[in-house]
Amino acid sequence: MYTLIATCCLGLLCLVVEIFNLRKALVPVVLTGLAAIFLLNAQDWSAAGPVAIGGMDMSHMMQIDHYAVAFNGLLIFLSAMIFVMSASFYKQEEHHLSDYLTILLFILAGGMVLTSFSNLVMLFLGIEIVSISLYIMAGSRKFDVRSNEAGFKYFLMGAFASAILVFGIALLYGAAGSFELAKVASYASSTGMESPMFLTGTLLVLVALLFKVAAVPFHFWSPDVYEGSPTLVTALMATVVKIAVFAGFYRLVSVGFIAVDGYTSDIIVIVAAATMIFAALVGLSQQNFKRLLAFSGISNAGYMLLAILSAKSGAASALFYYGAAYGLATMGAFAIAIPVFASTGKETIDAFDGLGKKKPLHAALLTLSMLSIAGIPPMAGFLGKYYLFSEAIRNGYPILTIVAVLTSIIAVYYYFKVILAMYTKQADEREVRTVMSYSIVMIICVGLGLLLGVLPGLLLSLNL
Amino acid sequence: MMTLLLLFFPLVAALLVLLGGQKIAAKLALGLAVVELAITGYAVSVFGNSGESAFHVFSTWIENPLISFHLGLDGLSLAMVALTNLMTPLIILSAFNRNIRHASGYFSLILAMQFALIGVFMALDGLLYYIFWELALLPIYFIALRWGGPGRVPVTLKFFIYTLAGSLLMLFGLISLYWFNPNNSFDIRHLYDLALTSKQQGWLFWMFFLAFAVKIPIVPFHTWQADTYREAPTQGTMLLSGLMLKMGTYSLIRWLIPVLPLGVAKWGPLAITLCVIGIVYASVIALKQRNLKNLFAYSSLAHAGLISAGIFALNIQGLQGSVVQMFAHGVYMIGLFYCADIILYRTATIHTDHLGGIRAIAPQFATLFMIILLATIGLPLTNGFIGEFLLLYSVYEYNTWLAVFATTTVILSAAYMFRMYKKVMLGETGVRVTAFPDLFWNEKLVLGIIAVVIILMGIYPKPLIEMTEPVLQAILNIVKN
């Protein structure tokens with residue numbers, strides 16, 4: 001509980017620091033704060049007993065179990081990477097740096113709510129905190145028309161999805177008589193499958209969450225928003241937000257909707273298959289790197305849906321490992337992309353032309369990131385995909401796994417487009433200036449990805 | 001302990017070469033590869049004394065799902081590891097005098113490939129084996145991409161995706177085996193003991209067979225092969241044809257026929273027919289080739305088809321023949337591609353129409369080329385003969401007509417090889433051939449060693465056959481039961 005409070009306080013502190021004209025100290029303060037919050041979170045691992053504030057029992061709102069602590073740790077780490085990059089990214093930004101950093105911290109706080117909720121109202125709160133903050137951040141470049149478009153599009157569609165979410169929650173409340181997840185679960189197991197109100201509520205909540213993770217056919221906002229947002233925000237969306245929403249999604253399904261699995265799994269199977277196939281095929285023709293990563297994100301959402309399908313046999317570890325692998329790889333990719341975009345002035349794949357010669361280390365690290373997302377050993381992405389496939393087969397979805405396998409193969413092609421651009425295309429003479437902070441993030445992320453690929457026990461032994 | 005050393009030394013070597021800088025890269029790589037060869041020689045002697053039990057390494061790598069770090073060297077694995085470690089120094093040596101740019105990257109990738117190959121041959125846990133199998137794809141892809149010929153970009157991408165497709169199907173098969181397995185593990189001993197129904201084994205057979213069929217390749221999954229062999233740099237082609245191909249055929253023996261015997265019983269006839277069709281098909285196409293690398297690529301395809309056919313014949317001669325031929329094929333294919341490279345380096349062409357009369361100017365080269373060529377067509381006293389004879393005999397035991405078609409490879413290979421030799425080496429000196437210095441020191445050494453191995457193995461194949469006999473007999477017993 002205190003991690004959440006601490007994160008919110010850190011966000012407010014950020015705003016205050018600006019008032020006292022301590023701009024230079026901003027990022028170091030935030031990073032120190034995040035380190036402290038990470039330790040606070042780690043301490044929660046062994047802390048037993050329900051969540052309580054001032055003696056008042058809060059366990060009907062939030063539950064800090066191992067699942068929450070693990071995902072919180074991952075989110076804090078990835079956010080820290082974003083903050084390290086933000087120092088250089090917002091160097092030109094004179095007036096609003098603290099605002100942006102505060103909002104980023106609030107997104108982290110929203111993510112923490114999503115990993116540890118035990119009440120549908122908290123689910124909604126978490127989704128809203130994340131979403132509204134993201135609408136602002138997506139449109140944060142006021143004088144860039146694409147950023148405005150991204151923010152507006154995301155806001156309109158996202159507001160719609162949030163409304164559907166509330167409607168679904170209301171129906172669930174009507175059926176189960178309570179917002180608490182435990183009570184919803186017990187209602188589901190007793191009369192869930194026969195109650196049309198409950199099933200409709202489930203469907204609406206499912207649709208809203210599928211929108212938030214950009215699954216087909218609710219994905220239409222994703223490529224445009226990813227492409228138009230400032231690249232740092234895109235990195236945040238692709239990593240922290242996606243993992244947080246999936247953590248919430250899995251928690252909801254595995255605790256609340258297990259009993260109506262016969263109903264939800266049919267829907268999710270079709271959505272997962274459609275997502276994987278669509279993202280693989282359409283991604284092939286993308287030229288813009290950020291759009292490409294958007295489609296990569298959509299297809300990864302499809303794979304993570306395999307974990308949601310396997311919730312009844314406990315796929316939390318697989319989801320966590322895959323989230324970590326995918327988050328690290330994507331973060332590493334963006335860490336290289338941002339300076340390259342800044343130097344070449346374009347955001348297409350041919351911005352990477354000849355990077356193999358200009359900056360061999362960075363090119364090699366980007367190659368490893370792309371290979372990790374594609375799912376090739378020894379990177380962590382391979383074992384992540386393996387665990388998801390394994391869980392899906394175990395739960396009786398072999399055909400869907402074959403679809404996943406085949407779409408992975410197709411997707412390899414567009415990840416390789418980037419690698420090929422780096423190593424086989426001619427470079428122009430513009431020098432690529434890389435800043436220390438991006439290089440550090442890149443090395444950390446790819447290094448961890450490699451380490452997790454070889455020693456997956458580090459994360460898997462957490463036994464979520 | 002020695003197993004771990006054998007496995008990880010090339011990886012360490014690869015890192016050292018990468019960091020060592022351009023100037024000493026080649027020599028450093030060669031030195032380290034020779035050290036690995038020495039370790040292998042010692043391992044062979046230890047094997048001779050204490051058998052395979054000396055080499056077992058087993059520890060749990062991941063708890064859940066259970067993936068163990070299980071390595072072992074029995075006769076079959078040791079033969080393959082010996083081939084890899086014998087040929088890698090030769091491959092590195094062949095790259096001397098060739099002015100390779102970014103040499104440290106090049107040699108580092110070759111050593112990394114060696115690491116992955118040894119891992120494949122030593123792994124006794126299904127998923128560990130799979131990881132090494134996939135890992136082997138990366139170094140060769142980058143070797144071909146950065147140092148390959150002009151048409152390499154689409155060709156290598158096709159190679160990568162095609163092979164990856166097969167591999168992912170195998171992953172699906174392995175995961176299914178894991179869940180069918182009451183022990184819930186990937187360990188090979190448990191996989192051998194599985195009792196699956198014929199129907200299950202049927203589709204599992206295809207999952208595995210397709211992966212191996214793409215890798216070897218077996219017609220009709222071969223379309224990536226000729227182009228990739230041609231576009232890859234010489235050392236890349238040597239790795240592909242000499243070593244990576246053996247990964248596929250080794251896996252047929254180790255991972256396909258003992259794990260899925262009922263599947264093999266059901267689909268084996270189709271598989272062996274495909275192999276024999278491939279032999280004839282590849283040999284006929286080779287007849288028409290005018291480009292040396294293409295010719296050798298199709299020749300390799302034909303011989304690989306025969307090796308695979310012998311494995312599916314499911315008798316001891318077939319398995320023995322395939323192992324001997326695997327070793328021999330690795331040796332002489334590398335020699336052949338090196339000869340093509342020697343010609344290419346001096347004349348800037350490998351088109352047979354533009355060459356001719358090299359023998360008069362470079363007699364040493366001509367002699368060594370001839371020895372390697374005779375091994376390719378399987379002349380007795382060369383190492384190509386024993387394997388080919390055993391394989392043809394085994395196919396004959398299986399089915400007479402298949403053997404008749406398979407034997408055409410002997411005639412056809414003689415035809416295209418001798419015709420190529422006549423056009424390239426004999427006759428009038430071609431326009432491009434005027435300045436053709438005879439062999440440099442490293443070329444002489446490599447081809448010389450290959451020729452010596454060819455003849456020695458041809459005269460005295462007994463050690464190899466004896467080393468692999470127990471394992472192959474054991475596997476055959478598993479299949480028959």
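At what angle do the axes of helix α11 (residues 261-283) of chain A and helix α12 (residues 289-309) of chain A cross? In this predicted model, the two axes cross at roughly 155 degrees and come within 8 Å. Because angles over 145 degrees count as roughly antiparallel, α11(A) is roughly antiparallel to α12(A). The crossing in which α11(A) passes α12(A) is left-handed.

The contact between these helices draws on residues from both elements. From α11(A), the contributing residues are S265(A), I268(A), V269(A), V271(A), A272(A), T275(A), M276(A), A279(A), A280(A), V282(A) and G283(A). These meet residues of α12(A) that include L292(A), F295(A), I298(A), Y303(A), L305(A), L306(A), I308(A) and L309(A), and also S296(A), S299(A), A301(A) and G302(A). Divided by class, the contact of α11(A) with α12(A) comprises 17 nonpolar and 6 polar residues, with no charged residues.

At the level of the whole chain, 19 helices and 2 strands are assigned to chain A. The radius of gyration of chain A is 21 Å, close to the 23 Å that the globule rule gives for 464 residues, so chain A is as compact as a globular protein of that length. Along the principal axes, the C-alpha atoms of chain A fill a box of roughly 70 × 55 × 40 Å.

Chain B is considered next through its domains. The domain assignment of chain B gives domain 1, covering 1-179 + 221-244, and domain 2, covering 260-481. The centres of the two domains of chain B, taken over C-alpha atoms, are separated by 22 Å. Across the boundary, 25 residues of domain 1 of chain B are in contact with 29 residues of domain 2 of chain B. On the domain 1 side, the elements that give two or more residues are α3 (75-94), α10 (225-231) and α11 (234-256) of chain B. The largest share of this side, 10 residues, comes from α3(B). The side of domain 1 of chain B that touches domain 2 of chain B divides into 13 nonpolar, 9 polar and 3 charged residues.

The contact between the chains takes 23 residues from chain A and 23 residues from chain B. On the side of chain B that touches chain A, two or more residues are given by each of α5 (126-135), α6 (137-147) and α7 (152-180) of chain B. Of these elements, α7(B) gives the most, with 13 residues. The class division of the side of chain B that touches chain A is 18 nonpolar, 2 polar and 3 charged residues.

Definitions and conventions. Residues numbered from 1 in each chain as written. Chains lettered and ligands numbered in written order. Predicted model: local features only at pLDDT ≥ 70, side-chain atom pairs only at ≥ 80, totals over all residues. Axes fitted to C-alpha atoms, helices over the stretch in contact; angles between N-to-C directions. Helix = DSSP H or I, 4+ residues; strand = E, 2+ residues; numbered from the N terminus. Parallel < 35°, antiparallel > 145°, perpendicular 65-115°, else oblique. Left-handed = near helix turned anticlockwise from the far one by under 90°. Contact = placed C-beta atoms within 7 Å. Nonpolar A, V, L, I, M, F, W, Y, C, P; charged D, E, K, R; others polar. Domains from an automatic or database assignment. Rg over C-alpha atoms; globule rule 2.2 N^0.38 Å.
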